[in-house]
Structures are given as structure tokens and as C-alpha cells.
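Please look over the structure shown here, with attention to its aromatic rings and to the packing of its helices. A report on those topics follows.

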Amino acid sequence: TGKESRARMNANTKLQLLQDIYPNNEELDQILEKLLAVALDEHQQRLQRYNRDINTFEVQYAMDSDAFYQRFELGELGDAADFFEWSGLIELRQELRDTILQVEGAL
């Protein structure tokens, strides 16, 4: 059926279809900018959640994240589950910040 064939299209095929439908680059650019703006908003909301969670750890352990991460990576803090979660959040936050910068640059 039509739905099944659409579901099987990969992202590149869908993008090519949009380029065929909107040969005027300005129209396609406007559509893509709207999609990127939605993605940016979602990423910024996720960043706020990460920041809140990281702040909770900073308050709980009375240590800023930069100092924590450096000491954790050197093995000075042990293997507490909280420390692995905190470290993971710091890494995810940095990846998310990088992505946000890329999306902002595209807009």
C-alpha cells in the first residue's frame, strides 16, 4: 500500500522527493528551517533538563561539574552510581550543546 511504501523510504529518498516537489530552493529552505526550529526547541528543552539534573548533583555533592568530571576521570572519586550518571549527563550535555550550535548555525 501507499503507507507501506512511504514507511520504507529512507531519509535521503524523502529529502530528494521534497527537492523534486519544491524545485524552488527558497520554499524548501523555509520548510527545512521550520523543521530545524522545531528540533532546536526540543534540544533546548532537553538541555534545560540536563542542566537541572546536573545542578542537583552539584548541590548534593557541593562540587561544580568541571571539578567533578576532572576528578572522576582521574579515578579519584570511586564508582558510585551517582557519579556515573553525573558523568554521563555532563557528556550528553556537551554533545547536545554541540548539536544546538550546529542547528543555530544552519538557521
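Glu58 lies in helix H3, where helices (H or I, at least four residues) are DSSP runs numbered from the N terminus. The model is a predicted one, in which local features need pLDDT of at least 70 and side-chain atom pairs count only at pLDDT 80 or more, whereas totals for chains, interfaces and linings use all residues. Residues are numbered from 1 along each chain as its sequence is written, and side-chain values use heavy atoms, with hydrogens and water left out.

Glu58 has a relative accessible area of 23% and is therefore partly exposed, a class that lies between buried (under 20% relative accessible area) and exposed (over 50%), computed with a 1.4 Å probe on protein chains only. Leaving aside neighbours within four places in sequence, Glu58 is in contact with Met63, Asp64, Ser65 and Trp86, contact meaning heavy atoms within 4.5 Å. Glu58 and Phe68 are 10 residues apart in sequence, and their C-alpha atoms are 8.5 Å apart in space. Trp86, for its part, touches Ile54, Phe57, Glu58, Tyr61, Met63, Asp64, Ser65 and Phe68, when residues up to four places away in sequence are not counted.

The structure holds 8 aromatic pairs. Rings of Phe, Tyr and Trp (its six-membered ring) pair if their centres lie within 6.5 Å, and planes under 30 degrees apart count as stacked, over 60 as edge-to-face and the rest as tilted. Two of these pairs are set out below.

| Pair | Distance of centres | Angle of planes | Class |
|---|---|---|---|
| Phe68 and Phe72 | 5.4 Å | 20° | stacked |
| Phe72 and Phe83 | 6.5 Å | 65° | edge-to-face |

The second pair links distant parts of the chain, since Phe72 belongs to helix H4 and Phe83 to helix H5 (residues 81-106), 11 residues apart. Phe68 and Phe72, by contrast, both lie in helix H4 (residues 65-73), and because they are 4 residues apart they are separated by about one helical turn. Phe68 counts as buried at 0% relative accessibility, Phe72 is buried with a relative accessible area of 12%, and Phe83 is buried as well. Phe57, Tyr61, Phe68, Phe72, Phe83, Phe84 and Trp86 form one aromatic cluster.

Which residues touch the most other members of the largest nonpolar core? Of its 16 residues, these are Phe68, Phe83 and Trp86; such a core is a set of buried Ala, Val, Leu, Ile, Met, Phe, Trp, Tyr and Cys residues joined through side-chain atoms within 4.5 Å. Helix H3 (25-61), H4 and H5 each supply at least two residues of this core, and its largest share, 7 residues, comes from H5.

H4 and H5 pack with their axes 10 Å apart and at an angle of about 115°, the axes being lines fitted to C-alpha atoms over the stretch in contact and the angles running from 0 to 180 degrees between N-to-C directions. Ser65, Phe68, Tyr69, Phe72 and Glu73 of H4 make the contact with Phe83, Phe84, Trp86, Ser87, Ile90, Glu91 and Arg93 of H5.

Glu76 is found in the loop between H4 and H5 and, with a relative accessible area of 47%, is partly exposed. The C-alpha atoms of Glu76 and Leu17 are separated by 54 Å, and the two residues are 59 residues apart along the chain.
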